[in-house]
Amino acid sequence: PPLPPEPEASETAIAPAEDESPAGGSSSSLASSSSSAVRKVFYFGFLATLVGYAAVFAPKGDAGVLAAVMANPVKPDLNSVYFAVFSGLGLWPLLYLAVLNPARA
């Protein structure tokens, strides 16, 4: 089938945004600050929910695994998968730090 004709420039033009409020002041900084406050409250609520969930609903762990790793950290007497996961837990914060906070030029 044939392609539809391209719209003319007047049909695709976007009206410029108004930078000033009717009172003559700028409303963009007020909107930005309230948006930032809402975002902070949302993130705090989200993190508080995750911590609450972990504190209340998380299954009780086996203290024997931690004791085995702490007793012999080089070669603990437990499943190698558990040891790999336990050892990898220390690397996640470093990975997040490297990705989320790159070096400044």
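Among the elements of the protein, helix α1 (residues 9-12) has the lowest mean pLDDT, 54, while α5 has the highest, 86. These values belong to a predicted model. Over the protein as a whole the mean pLDDT is 76, and 72% of the residues reach 70 or more.

The secondary structure consists of five helices and zero strands. The protein has 105 residues, of which 3% count as buried. Its accessible surface comes to about 9800 Å², and carbon and sulfur atoms account for 68% of that surface.

Part of the surface is taken up by a nonpolar patch. The patch is formed by Leu66, Met70, Val81, Val85, Phe86, Leu89, Trp92, Leu95, Tyr96, Val99 and Leu100. Together these residues have about 1200 Å² of accessible area. Two or more residues of the patch come from each of α3 (63-71), α4 (80-88) and α5 (91-100). Helix α5 provides the largest share, with five residues. Tyr96, one of the residues of the patch, is found in this helix, α5. Helix α5 is also the element with the highest mean pLDDT.

Aromatic contacts were examined next. A pair of aromatic rings is described by the distance of the centres and the angle of the planes. The structure holds four aromatic pairs. In one of them, Phe42 and Tyr43, the centres are 5.8 Å apart and the planes stand at 55 degrees, a tilted arrangement. Phe42 has a relative accessible area of 54%, so this residue counts as exposed. The value for Tyr43 is 48%, and Tyr43 is therefore partly exposed, because the exposed class requires over 50%. Phe42 and Tyr43 also belong to one aromatic cluster, which they form with Phe46.

A further pair is made by Tyr53 and Phe57. The ring centres of Tyr53 and Phe57 lie 5.5 Å apart with the planes at 40 degrees, so this pair is tilted. An angle under 30 degrees would count as stacked and one over 60 as edge-to-face. Both residues lie in helix α2 (residues 28-57). Tyr53 and Phe57 are four residues apart in that helix, about one turn. Tyr53 has a relative accessibility of 53% and so counts as exposed. Phe57 likewise counts as exposed, at 59% relative accessibility.

How values were computed:
Residues numbered from 1 in each chain as written. Predicted model: local features only at pLDDT ≥ 70, side-chain atom pairs only at ≥ 80, totals over all residues. Heavy atoms only, no water. Buried < 20%, exposed > 50% of the residue type's maximum accessible area, 1.4 Å probe, protein only. Areas by Shrake-Rupley, 256 points an atom, 1.4 Å probe, with all protein chains shown as cover. Patch = residues over 30% accessible without salt bridge, like charges linked within 9 Å, V, L, I, M, F, W, Y side chains within 5 Å. Salt bridge = Lys/Arg side-chain N within 4 Å of Asp/Glu carboxyl O. Phe/Tyr/Trp six-rings, centres within 6.5 Å; stacked < 30°, edge-to-face > 60°. pLDDT = per-residue confidence, 0-100.
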